[in-house]
Amino acid sequence: MPTDKESRSNLRRLRSRPVCIICGRPAEAQQIARALGIDDEKHRLSGHDVSMVRDGHTFHLGEFKLPSGDILKYYITSSLRQGIQSFAVSAAILFNTLSPRFVLHAGVCAGFDDPTGKLGLALRDVVFGEAAINYEEGKWEAQGPGGNAVFLPDYKPVAVEAGDMQGFTKSHKRHGIRYGEYISGSSVRGDAAQVFEKIRSSVGRNAIALDMEASAFIQLCKHFEPKGPICLGVVKGISDFGDSKKGEDTSADSDALNNTAVAIKDWLTHRIPNTRWEVDESDEPGAKLVSGYYENFVRRVIDNYLEGLPIAYRHRPEVAIPASEIKGFISVLPKDQDPQFVKEIGQIQRTILEYGVEEINIGTNAAQRYVHYKGGFFLDWCRTVNSLVDEEDAEYQVGVFGRTLRKQAYYKQAEAKGPLAQVLPWEEAMHLLTDLKNDTRSIPRPDVELVGKRYEETLPRAKTPRGSAMTKTERKSSVSQLFAFGRFRRHHKPSGKEQEAAVSPLPVVGCK
């Protein structure tokens with residue numbers, strides 16, 4: 001039996017897949033999965049093992065390689081029971097729970113057996129559709145005392161725009177792919193010819209396929225617009241013509257589903273050229289840590305700087321740091337994105353001593369924050385992520401934290417040469433600290449006295465009150481130089497043996 005963490009992890013696996021292919025019956029989903037080579041234990045996920053999903057569901061996980069080289073991940077599932085109402089309920093719950101980016105309805109249908117022979121529909125052809133009609137909507141009314149009940153229809157066609165589906169089907173017509181409208185009802189019909197005649201002669205002359213779910217699927221997609229999943233239409237293979245001959249061709253059903261699988265692959269790789277979008281991770285534990293970290297710490301530090309509040313070394317408060325030296329704020333993610341790495345202070349202290357990183361105070365009174373500092377950069381080690389240690393996918397959650405943090409204002413706010421803050425992986429941060437350690441021209445050494453007239457002549461003390469001579473715009477401009485090191489490091493590799501790190505004699509206490 002899966003643990004809660006495993007169930008949540010499986011839910012995340014499904015949510016990370018942008019395409020949901022949903023069928024009306026489990027047998028349809030299984031056959032399409034088999035045709036695509038994903039009907040085995042390796043690619044199968046039971047709803048029992050997924051948080052917030054009913055036990056009866058089964059998910060077949062697969063992927064297509066797109067012409068761009070990107071990988072498009074998808075899953076195939078189904079309603080728990082055939083029928084328009086059951087399908088609508090199951091699909092609505094799954095769409096709301098799994099939040100797919102794209103949805104497509106697949107399976108088999110009855111085709112229109114055109115008596116004129118002009119359409120030329122054949123068993124095993126695949127019908128693509130963007131519109132449907134529920135032919136059973138309306139009311140029954142008695143015709144006089146003791147008279148027979150007469151059905152008064154109230155047809156309401158529903159339609160979506162699934163892309164260039166009609167053009168796609170025309171270019172693939174020679175492969176048995178057709179384009180038309182669907183007729184849906186709540187029962188399997190053995191008199192499909194009468195249904196087609198009634199609908200085609202009144203409201204849907206382009207109707208060529210009969211099923212039980214298409215109208216509910218399209219109506220559901222319309223309900224979720226505009227923020228819901230993007231509808232990719234209905235794709236179903238013709239397994240019969242809804243007449244007395246239904247079932248005589250014993251391989252028609254499986255063949256129609258196999259052809260549907262091929263058509264789905266062709267359609268998806270045509271309709272979705274690349275996968276350049278973001279997955280909604282706002283409910284992840286890593287994302288939920290960002291608000292407090294950003295609002296209470298990062299934003300306060302940068303606001304203090306921009307407001308001209310005092311900046312001084314924590315253990316040498318008499319030494320102020322000129323505002324003109326500040327280049328920006330860097331949040332450093334743990335090594336290998338492992339939150340255990342920053343759970344204990346030892347790893348951070350070793351890094352601080354090796355690279356000569358110091359602690360500074362910025363601001364006054366309740367607004368004061370202390371942060372690490374090196375060569376003009378405010379540095380923080382994101383120790384808040386150590387609360388993710390017990391998560392089963394802890395490394396993934398640290399990645400979520402980093403991606404969510406990059407969306408905050410100061411991390412994406414465009415300046416002349418970049419944003420005011422940036423998130424760096426551990427390796428890039430160490431490269432930066434190495435560059436700063438090797439370039440000590442502008443970095444005060446701990447063993448040099450920085451008070452008195454001589455110091456003030458070489459490195460003027462900053463005017464830190466709110467009435468500072470440096471304007472807010474000038475301070476932001478200096479901060480915008482933050483990421484010049486990234487371009488520098490990509491084009492420059494230091495040569496020769498690195499200098500030995502100078503160990504600061506000052507004690508280091510506490511880290512963020």
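Start at the largest pocket, which holds about 650 Å³ of space; a pocket here is an open set of points on a 1 Å grid over the protein atoms alone, where a 1.4 Å probe fits, with protein on both sides within 12 Å along at least five of seven lines, and lining residues have an atom within 4 Å of a point. The volume is the space filled by probe spheres set on the points, which are joined across faces, edges and corners. This is a predicted model, in which local features need pLDDT of at least 70 and side-chain atom pairs count only at pLDDT 80 or more, while totals for chains, interfaces and linings use all residues. Residues are numbered from 1 along each chain as its sequence is written.

Select Arg 15, Leu 98, Ser 99, Val 279 and Asp 280, which lie nearest the centre of the largest pocket among its 31 lining residues. Then show helix H1 (4-15) and helix H3 (84-98), each of which supplies at least two residues of that lining; helices are DSSP runs of H or I with at least four residues, and strands are runs of E with at least two.

Finally, select helix H2 (26-35), in which Glu 28, Ala 29, Gln 31, Ile 32 and Ala 33 are buried, meaning under 20% relative accessible area with a 1.4 Å probe and protein chains only. Just after H2, Gly 37 takes a positive phi of about 80 degrees.

Methods: Side-chain values use heavy atoms; hydrogens and water are left out. Buried means under 20% relative accessible area, exposed over 50%, partly exposed in between (1.4 Å probe, protein chains only).
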